[in-house]
Amino acid sequence: MDLQPENRLSRVNRRVKDGFHTRFNAFRRSQEYNLETFRQQPLQEISGAFGDLGTLLPILIAYTADHEYREPAIDLSSTLVFTGIFNIINGLIFGIPLPVQPMKAIAAVALSGYFNKEEVASAGLFVAAVVGFLSVTRLLEWFNRRIPVPVVKGIQVGVGLTLIIYGGGVFVKPEQFQDEYPALASLLRVFTVAGLLGSTTFQRVPYALILLLLGFLFAIPNLIDHSTAPSVWQPHAWLPSTYEFSKGVDAGLGQIPLTVLNSIIAVCALSADLLPNRPTPSTSAIGFSVAAMNLLSCWFGSMPVCHGSGGLAAQYRFGARSGASIIFLGLIKFLLGLFFGRFTKQVFRSIPNSILGIMVIAAGIELANVGESLNTTGAKDLAKAEDPLNTSSQDQNGTEQGHHQNLTSEQRKRRWTTMLVTVGGILAFKNDAIGFIAGMLWHWSYLLHDRYISWRSQREGAIRLGDDSPPR
């Protein structure tokens, strides 16, 4: 009797020790992978580190712009310091180029509604609380298991095409120097397009790093005209009032489906597609990361952030293959925010639109390209299926499973159409949630059709059996 509590306690201690050793070994393997990858291809890792600046900088610049109706909606130095720290931590823990990007739905509402720092912080804190709850309760894992692969692929392709459209809009915007040097502006556009096309052949050329250095050269004249002295970061907390928090909740409601679908579920799926040799983060782990980042930083005027599949695709497209790339980026961000916040603001505003636009376009192409594997063993549900009888099957969600060669033409058509409906919903309504709902409804319509056909066949079979029964 007395030994039972001790045995129970020893089992608990053993599980704790086993869990600690498992996590420690995984952490150690991530660092070994980061160091080895950076040693083998340092320029590619550094280039990939800056791959998602095309999606980050336009929103960051808009957030920090001085406006007659309000002060800047975020504190740039705080944003750089905190996102730099988060880049470093994520690179160490996950060992993949996991980006730290702005929450775009919140940014759209905040910029159009002239939000102040307290209101922006409230939106980020609200989304963090919801995502944290979904992660703690494992509802994210449950949700992820029940979304069919064609819908996930549709979200990735839809977001990728959205990035291409957005990048094209940024690319054709007039440059600051276009009136004075029109030929230079045209030459820069030709160079960026030629560089992007050439990067598909010369993949070891650090294209994003070259673009960043080129953008910095164009920023030099503006820096000379607006010289600023180094400024040490002075953290300050902003506490929202009840009214400000209510406005933040309204802005955060539209961000929740975008964060769950694109920043968590799509990121995990894309990580498995692009980096199959690395452990894929769980949806709960990514959810915890999103929640922790915002709960820690938004109080200090930092921009609400998440992990985006577009950012991961961009960093991969420009050479990043490990967490070393974003650790390097995090160090740069941290130092800039700590000592050169005002200087960095001038640099960001001076980078030409054609450079930012082409980087966004490249990210969109890489992200949309994952749709190609929908009906191949590159798809998660097809690669994991183990069917010794070589027959296709369906999981509990009705998602077709089986090896690629076992998919019928009808199954391929269904999967392709479901993905296209998801993409169409995202592009037509400019909303990931609507695209997700459209894809799920289309997927469920196929399941309903199959059940109706099965029910009718059983009913007709029963009627025929009754007709064939011998008379009494």
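**Figure 1. The whole chain, before zooming in.** Contact here means heavy atoms within 4.5 Å. With that in hand, take the contacts between residues at least 6 apart in sequence: 81% of them join residues at least 24 apart. This is a predicted model, and its chain has 20 helices and four strands. Of the 472 residues, 51% count as buried.

Figure 2. H17 runs over residues 353-368, and at 1.5 Å a residue its 16 residues should span 22 Å. The C-alpha atoms at its ends sit 22 Å apart, so the model agrees with the expectation. How many of the 16 residues of H17 are buried? The count is 15, so the helix is largely enclosed by the rest of the structure.

**Figure 3. The nonpolar cores.** The largest core holds 93 residues, and Tyr63, Ile147, Ile155, Met303 and Ile358 have the most contacts inside it. Its largest share, 11 residues, comes from helix H12 (residues 255-274). Zoom in on Ile155 and, leaving out neighbours within four places in sequence, you'll find it in contact with Leu261, Ala266, Thr422, Ile426 and Phe436. As background, nonpolar side chains tend to be buried together in soluble globular proteins.

Figure 4. Gly287 is part of helix H13 (residues 283-297). Is Gly287 buried or exposed? Its relative accessibility is 0%, so Gly287 counts as buried. Setting aside residues up to four places away in sequence, Gly287 touches Val131, Ser135, Leu140 and Ile264.

Figure 5. Glu118 belongs to helix H6 (residues 117-136). Glu118 is buried yet has no salt bridge. Which side chain of opposite charge is nearest to Glu118? That would be Lys117, 7.2 Å away, and a salt bridge needs the nitrogen and the carboxyl oxygen within 4 Å. Glu118 does touch Trp238, Leu239, Pro240 and Glu244, not counting residues up to four places away in sequence.

Figure 6. The model has nine salt bridges, and one of them joins Arg415 to Asp381, with the closest N and O atoms 2.7 Å apart. Arg415 sits in helix H19 (residues 409-429) and Asp381 in helix H18 (residues 380-383), so the pair ties together parts that are 34 residues apart in sequence. Both Arg415 and Asp381 are buried.

Figure 7. Arg414 forms a salt bridge with Glu410, closest N and O atoms 3.3 Å apart. Both are in helix H19, four residues apart, or about one turn. An α-helix has 3.6 residues a turn, so residues three or four places apart point the same way. Arg414 is buried at 10% relative accessible area, whereas Glu410 is partly exposed at 42%. Arg414 also forms a salt bridge with Asp450, the closest N and O atoms being 2.7 Å apart. This pair links distant parts of the chain, since Asp450 lies in helix H20 (residues 432-467), 36 residues from Arg414 in H19. Asp450 is partly exposed, at 27%. Through shared partners, the salt bridges join Glu410, Arg414 and Asp450 into one network.

Terms used: Residues are numbered from 1 along each chain as its sequence is written. This is a predicted model: local features need pLDDT of at least 70, side-chain atom pairs count only at pLDDT 80 or more; totals for chains, interfaces and linings use all residues. Side-chain values use heavy atoms; hydrogens and water are left out. Helices (H or I, at least four residues) and strands (E, at least two) are DSSP runs, numbered from the N terminus. The expected span of a helix is 1.5 Å times one less than its number of residues. Buried means under 20% relative accessible area, exposed over 50%, partly exposed in between (1.4 Å probe, protein chains only). Lys and Arg count as positive and Asp and Glu as negative; His and the chain ends are not counted. A nonpolar core is a set of buried Ala, Val, Leu, Ile, Met, Phe, Trp, Tyr and Cys residues joined through side-chain atoms within 4.5 Å.
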